[in-house]
Amino acid sequence: MPRVKVPRKSTHIDMTAMCDVAALLLTFFILTATARQPEPLPVDTPSSTVQIKQPTTDIATITVGEGKVFFGVAGQTVRARLLELMGERYKVGFTPEEKERFSLIESFGVPIGNVKQLIAMGGADRMKPGAQPGIPVDSVGANASELYEWIRNARIATKEINNTAMRVSIKGDSEEEYPTIKKVIDILQAQEVNKFSLITSMEGRD
Amino acid sequence: MAELDTSGGGGKKGGKVRSKKASTRVDLTAMVDLMFLLITFFMLTTTLAKPQAMDLAMPDKDEKNEDQFDVADTRTMTVLLGDKNKLEWYIGLVDKPLSAPTVDGYGKNGIRKAILEKSKEIKASTGKNIIVLIKASDKANYKNLVDILDEMKITNTESYAIVDISAPEIELLKRDGIY
C-alpha cells in the first residue's frame, strides 16, 4: 500500500503582525509613562467621583497613614531651599552636599533632629517600613509643631523660587481615623491655608 | 529561517554576474521578545491613573469679629459621622430636631437619598437651598469624610461645611450605638 505522504510544512510563523502590535503597545506605554515614585509610607486612598487631576507643580503633599504624617514638596530647588530655611529655623547647619541629597527625597517623615541621619541613609534603607517615625504634629509649648514649620517654609520656598502660591494636598489612608486628619487640617488652618485638596482615586458614579 | 545572505554575490568565473536572490524575510521572534519585555517593564513601573484631587475649602477659623450670620435651622441638615461606616442625620437643632435623627449608611440608597429628598422639601418650603453641616466624630475614618464630601458633589449641594462635633451630638451617636 502506498503511504499517504503528508507534506512537511515549515514551522515558521510570520511574526510581523505580532511585532507591530508589540511596537504599538510599547509606544503607548512609553508615551503615557510617568515613573512611579517609591513611597516611604504607602497609603490606600479612598475613592471618589471627582474628576479633577492633581497638579504636579507647586504642590506639597501631606501623607497621613498609620497615625504617621509624612511631608513632601514638588521641585528639587524648592526642596533645597526648604531645608535651608528649616536649618535656619531650628539652628541646624546643613552642608551643600546634604541639601543636594535632600532635594532628591520626594517625601519623608522624621523629626527635624533626625533629618541629617535620614539624608545620610541610603535610598533603600529610607524606604524600609518603620525607618521613618513620621513628622511630629503636636506643638511643644509655645512653639508651633514641626509640621507647621515644614508647611510654612515650603510655602515660603515655593513663593521665592516659582513665585506662585503653593497648593497643599492631603493624601490620607482610607482607614485613618478622623482625629489625625483633623490635626493636620487644624495645622493648615492655623496658617490660613483654608483651601486644600484631598487626594482620592477614581470611582465610577453609581 | 530567514538569514541574511552573506555569501558574496555571484563572482563565478566568466559569464554574467548574477546575485543570488535572497529572501527578504527577517526573523522577528527575537524582536518581539524584546518588545514584550519592554512592555512588561513599562506596565509595571508606570502609574496610569493620576490621582484625583478633591478641593476642599474650610471656613476661616480664628475670626475675631462676631458678626456671624445665623443659619436658619429650618434649612440646616446636620450629618454626624459615626463608627462602623454609619452616619446619622437630622434637620434643625440637636435639642429640638425638626426631623428625628436617623441612622443611615453611605452611598446611593443611604444619605444621598435623604439629602436629595430633604433639599427638595426645603427648597419648596423656604425657597432657599439646603445647608449641610458635616460633623465627624472621633470614631469616623478618613474614607467616611471623603465619602460624605463626595455625596455633596454628587447631590450638587453648594452650601456645606465641616464643623466640630458637640457633646450632645456625641451622646446622640452613643444612644444609637454608632460611637
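**Reading the pairs**

Author: In chain B, strand S2 (residues 76-81) and strand S3 (residues 87-92) run antiparallel and are joined by 5 bridges. B:Leu81 has B:Leu87 as its bridge partner in S3(B). This is a predicted model: local features need pLDDT of at least 70, side-chain atom pairs count only at pLDDT 80 or more, and totals for chains, interfaces and linings use all residues. Residues are numbered from 1 along each chain as its sequence is written, while chains are lettered from A and ligands numbered from 1 in the order in which they are written.

Reader: What makes two strands a pair, and what is a strand here?

Author: Strands of a sheet pair through backbone hydrogen bonds, either parallel or antiparallel. Two strands count as paired if DSSP finds at least two bridges between them. Helices (H or I, at least four residues) and strands (E, at least two) are DSSP runs, numbered from the N terminus.

Reader: In what order do the strands of the open sheet in chain B lie?

Author: The order is S4-S3-S2-S5-S6 in chain B, an open sheet of 5 strands with mixed pairing. Strand S4 (97-104) and strand S6 (159-163) of chain B are the edge strands, each pairing on one side only. From one strand to the next, the twist averages 20°. Angles run from 0 to 180 degrees between N-to-C directions, and axes are lines fitted to C-alpha atoms, for helices over the stretch in contact.

Reader: Which helix of chain B packs on the sheet?

Author: Helix H2 (residues 111-126) of chain B does, touching S2, S3, S4 and strand S5 (131-136) of chain B. The direction of H2(B) makes about 10° with that of S3(B). Contact means that the C-beta atoms of two residues, placed from the backbone, lie within 7 Å.

Reader: How many helices and strands does chain B have?

Author: Chain B has 4 helices and 6 strands. Along the sequence, the pattern of chain B is α-β-β-β-β-α-β-α-β-α. Take its contacts between residues at least 6 apart in sequence: 62% join residues at least 24 apart.

**Reading burial**

Reader: What counts as buried?

Author: A residue is buried if 20 or more other C-beta atoms lie within 10 Å of its own, exposed if 12 or fewer, and partly exposed in between; the C-beta atoms are placed from the backbone. In chain B, buried residues make up 26% of the 179 residues.

Reader: Why is strand S4 of chain A largely enclosed by the rest of the structure?

Author: Strand S4 (residues 167-172) of chain A has 6 of its 6 residues buried, so it is largely enclosed by the rest of the structure. Both faces are covered: A:Arg167, A:Ser169 and A:Lys171 are buried on one side, and A:Val168, A:Ile170 and A:Gly172 on the other.

Reader: Which strands are joined to S4(A)?

Author: Strand S2 (residues 59-65) of chain A runs parallel to S4(A), with 6 bridges between them. There A:Thr61 has A:Ser169 as its bridge partner. S4(A) also runs parallel to S5(A), joined by 2 bridges. In that pair A:Ser169 stands opposite A:Ser197.

Reader: How many residues of strand S3 of chain A are buried?

Author: Strand S3 (residues 68-73) of chain A has 5 of its 6 residues buried. S2(A) and S3(A) pair antiparallel over 6 bridges, and A:Ile62 stands opposite A:Phe71 in S3(A). Their hairpin has 2 residues between the strands, and A:Glu66 takes a positive phi near 55°.

**Reading the interface**

Reader: Which strands pair between the chains?

Author: Strand S5 (residues 195-202) of chain A and S1(B) pair in the antiparallel sense over 6 bridges. A:Leu198 stands opposite B:Met54 in S1(B).
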